[in-house]
Amino acid sequence: MRLAKTLLDKSLEWTCIVLLAVIAVDLLLGVFSRYVLARTFVWYDEVARACFMWLVFIGSAVAVRLRGHFGLNVLVELVPDPFKQAVLLITPLTMIVFSGALVRFGWDLTIHGASQSTAVIGMPMSWIYASIPTGGLLIAYYALLLLFEKRDTKAHA
Amino acid sequence: MITIAISVFLGLLLLGVPVAFCIGAAGLAGLVWHGGFPLIVIIQQIHQSVDSFVLLAIPLFVFAGMLMETGGIAIRLVHLAQAFIGWIRGGLAMAVVVAEYIFSGISGSTIADVSAIGGTMIPPMTRAGYRPAQAVSIVAAASAMGILVPPCILMIVLGAIANVSVAALFVAGFLPAVVLALAIMVYIYFDARRSGIAPPQRMPIADIAEAFKRAIIPLGLPAIIFGGILGGVVTPTEAAALAVLYAFVVGVFVYREIKWQDLPAIMIRSSVVTAAVCFLLAVAAVIAWMLAVAQVPQAILASMQAVSAGPISFLILSAILFILLGAVLEGLPAVVILVPTFLPVVKQMNIDLIHYSIVVTAATGIGLFLPPIGVGLFVSCGIAGVSIDKASREMLPYIWMLMFGLLIVIMFPWLTLVLPRLFHL
């Protein structure tokens, strides 16, 4: 169980690393092709944008685990202890509700996008849209972990 | 619809929910309450706002900045700045301001600037006779100014939502940043005189040449970015990719401060920062769309006309609003929700969108360091081990000077617009 969790954590992190590297190399190839080969690779813009969508939504799930999303914690720190436990549950619950919407309606758009394709390389739009429900699912998973994790009241900083 | 959304947003925000999810839940609640729109609108707005070539510059500038974020570069830049102005009274502090001007031309993130410049410069400043709280305030004020020096994440975001050329915004930031830097330096001079800080020795020419030689590699990065953009060779997004390549080669092969095994951690941090910024931007598009559907921009325009406010007073009001919201919310969420709402007013009043974007950027930068709650000020105090209380008092005069500088920028749009026009951007 623990192993499966670590495996997922690591594979998501490596997905981000690969996407970021692909974006950087892809754009450099774009510039290279325009000035050195004098024949611009037509695909570099669409490939980079598709990778970027996935980077943002996979990265958002990783950010939930690493607490990388900005928020105001000042007031929560002032809440007296017995209530604080309850208040700290609100964050994961909100995340689960909103990511539920991302999954539900993101899936609708993905299905809808199967009949559309990008202008240049004809990639199905559903490949791009799919990043939204996937990200939503992963965010919900990490929010669930957050909901059930044992916490001492100081840990949430 | 709007009332429900705003109450949900504020309620969740105060309960410590991350801003992006407050906004998302607020948008969802508003749409469900209204019932007249299909909820798939949420996903369409999210997709439309993130699937953009312009925003691709964000992960790349963040990544390049993190590769260049090593302490060595900050010190080299301060030495260079000292070589030029170090002999004036308060010269060390002024050198920090000048070095920050150059450094934010490398890093793109204000909070990163604070840690890099603050971490390396606060100890030598206190040794030279500056009070710790004074040193903190100088670094904080310089970093607030630095947000105007491109590359700047907020400018990329503004370019995307206001549909303005990011290249033009980047170039437009240079002169206003000089105005703010001068405003801070004037105060540094008088403060240094009052607290009896001796003017440092003039540096011999040989040392100046040496300082310049040591700074050439860090200076190469802004040179590539702006040479490329101003020369019309590359778009800002492509310039960001070149910046990554340069920073990578310098960090791994030239300075060897970055080992291969450090790269995954740096790339994960860059991805998380990118995702946090862009996820927020994506969900905020939903709220901005709701405000537009509810005709809030028209209501604001009508009320501005009712009090017959002109462009200058609208700019001043916006600046005050974004300084306050920048202090509470780190600026970005306020910008992504409110700027689309204000755009119709800006256009109606014939304010140049570039000028407006620069004023908003500067205000957000000042807000980050507004005592006693600005996040940037907290970070700088943390680095120096100074209490926020002490720093707040020393910081106030700098905030006034920054606001004075911003007022000058507001009054003279020429300062923002002359460079973009010169380069036909």
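Start with a term. Buried area is the accessible area, taken with a 1.4 Å probe, that two parts lose on being put together, summed over both. The size of an interface is often given in that way.

Now the ground rules. This is a predicted model, where local features need pLDDT of at least 70, side-chain atom pairs count only at pLDDT 80 or more, and totals for chains, interfaces and linings use all residues. Residues are numbered from 1 along each chain as its sequence is written, chains are lettered from A and ligands numbered from 1 in the order in which they are written, and side-chain values use heavy atoms, with hydrogens and water left out.

First topic: the interface. How much area is buried between chain B and chain A? About 4,800 Å², with carbon and sulfur atoms giving 83% of that. Three residues lead on the chain B side. B:Phe21, B:Ile43 and B:Phe279 supply 13% of what chain B buries against chain A, more than any other three residues.

Next, the contacts, meaning heavy atoms within 4.5 Å. Here 53 residues of chain B meet 54 residues of chain A.

Polar links next. A polar contact is a pair of N or O atoms within 3.5 Å; within protein, one must be able to donate a hydrogen and the other to accept it, and residues adjacent in sequence count only if both atoms are side-chain atoms. Between chain B and chain A, seven residue pairs are in polar contact, both residues being at pLDDT 80 or more.

Which elements of chain B give two or more residues to the side that touches chain A? They are α1 (2-14), α2 (19-34), α3 (40-50), α4 (57-67), α13 (236-254) and α14 (263-293) of chain B. The helices are DSSP runs of H or I, at least four residues long, numbered from the N terminus. The largest share, 14 residues, comes from α14(B). By type, that side of chain B divides into 40 nonpolar, 10 polar and three charged residues. Nonpolar here is Ala, Val, Leu, Ile, Met, Phe, Trp, Tyr, Cys and Pro; charged is Asp, Glu, Lys and Arg; polar is the others, Gly among them.

Second topic: salt bridges. The cut-off is a side-chain nitrogen of Lys or Arg within 4 Å of a carboxyl oxygen of Asp or Glu. The whole structure has 13 of them over all chains. Two are between chain B and chain A. A:Arg49 pairs with B:Asp51, with the closest N and O atoms 2.9 Å apart.

Inside chain A, A:Asp9 bridges to A:Arg65, closest N and O atoms 3.7 Å apart. A:Asp9 lies in helix α1 (residues 2-35) of chain A and A:Arg65 in helix α2 (residues 44-65) of chain A, so this pair ties together parts 56 residues apart in sequence. Buried or exposed? Buried is under 20% relative accessible area, exposed over 50%, partly exposed in between, with a 1.4 Å probe and protein chains only. A:Asp9 is buried at 8%, and A:Arg65 is partly exposed at 26%.

A:Lys10 and A:Glu13 also form a salt bridge, 3.4 Å from N to O. Both lie in helix α1 of chain A, three residues apart, about one turn of the helix. A:Lys10 is partly exposed at 45%, while A:Glu13 is buried at 10%.

Over in chain B, B:Arg194 meets B:Asp191 at 2.7 Å, N to O. They are three residues apart in helix α11 (residues 174-194) of chain B, so about one helical turn separates them. An α-helix has 3.6 residues a turn, so residues three or four places apart point the same way. B:Arg194 is exposed at 64%, whereas B:Asp191 is buried at 3%. Back in chain A, salt bridges that share partners join A:Lys5, A:Asp9, A:Lys10, A:Glu13 and A:Arg65 into one network.

Last topic: buried spots. Helix α6 (residues 91-107) of chain B has 16 of its 17 residues buried, so it is largely enclosed by the rest of the structure.

B:Ala240 sits in helix α13 of chain B, buried at 0%. Not counting residues up to four places away in sequence, B:Ala240 touches B:Ala57, B:Leu60 and B:Phe61.

A:Ser131 is in helix α6 (residues 131-148) of chain A and is buried at 1%. Its side chain reaches the backbone oxygen of A:Ile128 at 2.7 Å.

Terms used:
The expected span of a helix is 1.5 Å times one less than its number of residues.
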